[in-house]
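Please look through the model below together with the notes that follow it.

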Amino acid sequence: ALLHEVHHRVKNNLQVITSLLRLEAGRTQAPGTRAVLKDMQGRIQSMALLHETLYRADSFASVALAAYLKQLATQAFRAQTSHSSAVRLTLDLAPVQVVMDQATPCGLLVNELISNCLKHAFADGRAGEVRLSLVPAAEPGQWRMAVSDDGIGLPADFEARRQQSLGLQLVSDLTRQLGGQLQVSSDGGSTFAVTFVVSEIKP
């Protein structure tokens, strides 16, 4: 009962912070500031959703990662596209249980990568697809989580931009937090894939 209440209160507090950021975004006239505040809202919402997921679960030992990422990706996609958008979201998520310490960076990674896709891959208004997958990797115990698109692909100076982008730095930091490996490719679009070992779930 105590853990239920803790997750409920943390979720509510994070939602209050999100509301404050939304109010500040509505007050500013600077497009850059609005964009930063919107990015922060998405990151905080991904953490709030995790606490809500745990609040509604029967067990706090692990998180059903596929179900969490499905809800998170759908929520992030709707928040950043209009109803008339020609970009669609496709999900390929195999079920796996992970500890909360892994669910948090996974959620933040997915939020960041989907946001990047929608900002850059279809900037010219083209139609397309953003795909989120979570599947077992080649090695036992390893999983591969990937966000890909069929948009315009990565720019020629991507590596230089990568050092200046807070979002991409965050992706690298979260990958390290997972103890995983990040692979970036551009072939008819772009793909960001993180391979990591699922931690043992202790009863």
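**Notes on the predicted model**

1. Val16, Leu20 and Leu23 together make a nonpolar surface patch of about 300 Å². Patches are made of residues with over 30% relative accessible area and no salt bridge, like charges being joined within 9 Å and nonpolar side chains (Val, Leu, Ile, Met, Phe, Trp, Tyr) within 5 Å; the accessible areas come from the Shrake-Rupley method with a 1.4 Å probe, and for residues only the protein chains shown count as cover. Leucine 20 belongs to helix α1, residues 2-27, where helices (H or I, at least four residues) and strands (E, at least two) are DSSP runs numbered from the N terminus. With a relative accessible area of 49%, leucine 20 is partly exposed, the classes being buried under 20%, exposed over 50% and partly exposed in between (1.4 Å probe, protein chains only).

2. On provenance, this is a predicted model in which local features need pLDDT of at least 70 and side-chain atom pairs count only at pLDDT 80 or more, while totals for chains, interfaces and linings use all residues. Residues are numbered from 1 along each chain as its sequence is written, and side-chain values use heavy atoms, with hydrogens and water left out.

3. As to overall dimensions, the chain has a radius of gyration of 17 Å, which agrees with the value near 17 Å for a compact globule of 203 residues; this radius is taken over C-alpha atoms, and the globule rule is 2.2 Å times the number of residues to the power 0.38. Taken along the principal axes, the C-alpha atoms fill a box of roughly 50 × 45 × 30 Å. Of the 203 residues, 41% count as buried, and the chain exposes about 11100 Å², of which carbon and sulfur atoms supply 53%. Among contacts (heavy atoms within 4.5 Å) with a separation of 6 or more, 71% involve residues 24 or more positions apart.

4. The secondary structure comprises 6 helices and 7 strands, and, read along the sequence, the pattern is α-α-β-α-β-β-α-β-β-α-α-β-β.

5. Where do the strands pair, taking a pair to require at least two bridges found by DSSP? Strands β2 and β4 pair in the parallel sense over 7 bridges, whereas β4 and β5 (residues 142-149) pair in the antiparallel sense over 7 bridges. In the hairpin of β4 and β5, which has 5 residues between the strands, glycine 141 takes a positive phi near 85°. Strand β5 also pairs with β7 (residues 190-197) in the antiparallel sense over 8 bridges, with tryptophan 143 standing opposite phenylalanine 196 in β7. Strand β5 is mostly covered, 6 of its 8 residues being buried.

6. How many salt bridges are there, if one is a side-chain nitrogen of Lys or Arg within 4 Å of a carboxyl oxygen of Asp or Glu? The count comes to 4. One of them joins arginine 131 to aspartate 92, with the closest N and O atoms 3.4 Å apart. Arginine 131 lies in strand β4 (residues 128-136) and aspartate 92 in strand β2 (residues 87-93), so the pair ties together parts that are 39 residues apart in sequence. Arginine 131 is partly exposed at 32%, and aspartate 92 is partly exposed at 33%. Within the sheet pairing, aspartate 92 stands opposite serine 133 in β4, while the bridge partner of arginine 131 in β5 is serine 148.

7. Two further salt bridges lie within helices. Glutamate 24 pairs with arginine 27 at 3.1 Å between the closest N and O atoms; the two residues are 3 apart in helix α1, which means a separation of about one helical turn. Glutamate 24 is partly exposed at 39%, and arginine 27 is exposed at 63%. In helix α6 (residues 166-178), aspartate 173 and arginine 176 are likewise 3 residues apart, and their side chains meet at 2.2 Å, N to O. Here aspartate 173 is partly exposed at 40% and arginine 176 is exposed at 57%.

8. Is asparagine 111 buried or exposed? At 5% relative accessibility, asparagine 111 counts as buried, and it lies in helix α4, residues 100-121. Not counting residues up to four places away in sequence, asparagine 111 touches Gly42, Arg43, Ser46, Leu72 and Ala76.

How values were computed
Two strands pair if DSSP finds at least two bridges between them.
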